[in-house]
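Subject: Handover of the two-chain model

Dear colleague,

I am passing this structure on to you, and I would be glad if you could look through it before reading my notes. The notes follow below it.

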Amino acid sequence: MEWLLDLTPDEWNAVRLSIKVATWAMVASLPFGILVALILARGRFWGKSILNGIVHLPLILPPVVTGYLLLLSFGKRGPIGSFLAEYFGIVFSFRWTGAALACGVMAFPLMVRAIRLSIEAVDRRLEAAAGTLGANPLWVFATITLPLILPGIIAGMILSFAKAMGEFGATITFVSNIPGETQTLPSAIYTFTQVPGGDAGALRLTLISIAIAMLALIASEVLARRVGRTMEIE
Amino acid sequence: MTLSVDIRHQLGAFELDAAFESNGRLTALFGPSGSGKTSLVNLIGGLIRPDRGRIAVDGRVLADTAARTFLPKHKRRIGYVFQDARLFPHMTVGQNLRYGRFFRPRQERYADLDAVVELLGIGGLLDRRPNLLSGGEKQRVAIGRALIASPQLILMDEPLASLDEARKAEIMPYIERLRDETKIPIVYVSHSISEVARLASDIVVLADGKVTASGSTREIMQRLDLLPEEERAEGGAVLELEIKAHDDAFGLSILRSGESEWRLPRMDAPAGSLVRVRVRARDVMIATERPHGLSAMNILAGKISEITTDDGTEARVKIDCGGDILVSRVTRHSVRALGLETGKSVFAVVKAVTFDKANTASRVEGGTKR
């Protein structure tokens, strides 16, 4: 068992970095995820299916293509990347932030799907009832809609986190594989498999990946159950 | 409080074209299903925007398409009790009740939480979740929730329709208390005569999206022709009688209105209180002389004030018994055989046992004889 816990500094870095990247990807995409899910679930406008298509694109495109598109647009010379770097000092290329962006984009369709389904399941008559009691649309959303879709939001967050932990293709294309900066667990495992004698390291990181995935799953179960207890639908 | 509605609204192939004014304490919108009652309260409550027309409460304009005014539902101060209660499943009963108060500025709040809880008998439910309540309890909480938001008007859309008879009987007294003990006017949607006759002070009759009649409950209930076919059997006179005494030996109550005395099954109200009873037209017989040797206990002298017939089997005869108008359904044959005509002195005969829970209300609190 000794060899299992005896991680090299680089391996520890990969674990820490992966958790950081996945957490940021999940948290930063959440507001956008809720907004887009709301628009897709409730909106009536021309071009809704186009928006739906764009949101789902990362799910269907080869990850390498998504990564390359990110490189083109968010890279140092890309239109968005150069703008953000110049005016806000935010740089994505070859930084861990870029890895988080790639993971967030790849996980976005999964998050939106989960939240959208829960929004569509909300009984809109409850929202009308809240309106007659004096709540304006913003309050109705905060006090009725949001609590009712909480299980969907949690499910979306967990899916997004899990997807981000495993993201490989888009990340390595966009921000490469720099130990300590952009080398996440999957990239690290990939690197181990490419060098002689790297089997032990690859296995260690694989087992750690499994452990983190299991923990996330259990956490989501516990959360969902707690939410469900306070919110059994009539 | 005056509610005035003059609205045209198209819903698919259905056209609602309704105009009425009411200042009753409890105005019933009455009509068969599909007559547009629910659409009408949804328009008043602001859940639907009218195509054309105007809605105002006491001069406060809620919607006026000519002036391009439309007050959204959260600004209307109209409580809405839905048929399906619509309690918020993620809140306790107490949180549901307090929900509307939060949005009401302090100076506009008049409803007292404790008083409402007491009025509706829901004190024991406050910490429960809505999914653990019975249908009747849910509906009482829904009424309380609307009340505590301190509305200027309460809309009730068939609040009893989804409940069984026992639950209806459980809730009706609370709605009566609401009507009699609070000052908030109520608009009550129903297709049930027994509910309307018991609860309403005024009735607006709807059919096919149009108002066919409106007026006081007494007036409308006598007009059997206004009632939908399937409910016509339930129609009749609505009287307010004063309890004189109880005859506990035989389980009867003795009631009076003017000169006429009534004997009805024992009621739960103390002597001296006013009760509302509905005398179904089908239960009233007519005799040209005072009958003897008859089991029926209520024999009232009166004069025929009106006879209406159509080509069918029946005639409707209105009998003025010292100010109370009774309505009787008899065959046209009997009208001919007995020589019934306007102005003729007759006796109206009603069996005491035709009165049951469905057509006798509990006391009219603070009610004064009209």
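Helices (H or I, at least four residues) and strands (E, at least two) are taken here as DSSP runs, numbered from the N terminus, and two strands are said to pair if DSSP finds at least two bridges between them. Please keep in mind that this is a predicted model, in which local features need pLDDT of at least 70 and side-chain atom pairs count only at pLDDT 80 or more, while totals for chains, interfaces and linings use all residues. Residues are numbered from 1 along each chain as its sequence is written, and chains are lettered from A and ligands numbered from 1 in the order in which they are written.

With those terms in hand, I begin with the strands of chain B. S5(B) and S6(B) form a hairpin that has four residues between them, and within the turn Arg68(B) has a positive phi of about 55°. The pairing of S5(B) with S6 (residues 69–70) is antiparallel and extends over two bridges, with Thr69(B) as the bridge partner of Asp64(B).

Thirteen residues of domain 1 and 15 residues of domain 2 take part in the contact between them, where two residues are in contact if their C-beta atoms, placed from the backbone, lie within 7 Å. On the domain 1 side, H5 (165–181), H6 (193–199) and H7 (217–222) of chain B each supply at least two residues, and H7(B) gives the most, with four residues.

Chain A, by comparison of topic, has 11 helices and zero strands, and its C-alpha trace spans about 70 × 45 × 30 Å along the principal axes.

Finally, where the chains meet, 21 residues of chain B are in contact with 19 residues of chain A. S7 (78–81) and H2 (93–102) of chain B are the elements that give two or more residues to the chain B side, and S7(B) gives the most, with three residues.

With best wishes
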